[in-house]
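Please open the model in a viewer and keep the sequence at hand. The tour moves from the whole chain to the ligand, and then to one helix beside it.

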Amino acid sequence: MKNNILISYSSKSGATKEAAIEIKNILDKEYSCESNVIDANDFNKKTNIAQYNIIIIGSGIRMGRWYGSGNKLLNFFNKNPNEKKKFAIFICSGRIGKASKDNDKETYNLYYNKYIEQKVSQFPNINPIITKKAFGGIKYKKGELLYNLLDKEEIQKWARNIGNLIK
Ligand SMILES: Cc1cc2nc3c(=O)[nH]c(=O)nc-3n(C[C@H](O)[C@H](O)[C@H](O)COP(=O)(O)O)c2cc1C
């Protein structure tokens, strides 16, 4: 069966959107999937979710939180469980990026748990979650780039991990 994938991003500084597009490129080109990338803000009753067997939900993190549009998707799929759908969840976070760069495993684990594990545990009907991942982020201040800690190779690796899990 061909895998039809919905990849939803919630992004303000662009990292999560960039990751979503990279994930689509790998899954479609290397694993013959058909993926649609959407802005979570555009997710609504008209979105034809029946066509998708895999749902990938990504959000940026600001002030320690997922963006509202990312929460909207988590809430929707939690309230409308469907055993036939598999999920993959990811975030892009400045703190995760910095901890990875510094090879600071303790800080990495702290924020991984906060932004992914604890968060996802609040949505028990989103199931099965086949994989979860935290990437670094991008930050601008007054229009100037402060840092870009989004690792493209890491995104490609995770996309291949998903591709292999759904083969
Ligand atoms: C106002 C503001 C608040 C932020 N707060 C956090 C935070 O609490 N924790 C964190 O890890 N990163 C934080 N960041 C960094 C973001 O995680 C980073 O910009 C990431 O790329 C956001 O995803 P996006 O680019 O898809 O919007 C913050 C960035 C901004 C601009």
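Two residues are in contact if their C-beta atoms, placed from the backbone, lie within 7 Å. Of the contacts in the protein chain with a separation of 6 or more, 75% join residues 24 or more positions apart. The model under view is predicted.

Begin by selecting the protein chain and colouring it by secondary structure. It contains 5 helices and 8 strands, and from the N terminus on their order is β-α-β-β-β-α-β-α-α-β-β-β-α. Along the principal axes, the C-alpha atoms fill a box of roughly 40 × 30 × 30 Å. The radius of gyration of the protein chain is 15 Å, which agrees with the value near 15 Å for a compact globule because the chain has 167 residues. Buried residues account for 39% of those 167 residues.

Next, select the ligand and the residues around it. The shell holds 19 residues, and the closest are Ser13, Gly60, Gly94, Arg95 and Gly137. By class, 6 are nonpolar, 9 polar and 4 charged. At least two shell residues come from each of helix H1 (15-31), strand S3 (54-62), S5, H3 and S7.

Now select helix H3, residues 94-101. Which residues of H3 are buried? They are Gly94, Arg95, Ile96, Gly97 and Ala99; Gly94 and Arg95 are also among the closest residues to the ligand.

Finish just after H3, at Asn103, where phi is positive, at about 55 degrees.

Key:
Residues numbered from 1 in each chain as written. Predicted model: local features only at pLDDT ≥ 70, side-chain atom pairs only at ≥ 80, totals over all residues. Buried ≥ 20, exposed ≤ 12 C-beta atoms within 10 Å, placed from the backbone. Helix = DSSP H or I, 4+ residues; strand = E, 2+ residues; numbered from the N terminus. Rg over C-alpha atoms; globule rule 2.2 N^0.38 Å. Near = placed C-beta within 6 Å. Nonpolar A, V, L, I, M, F, W, Y, C, P; charged D, E, K, R; others polar.
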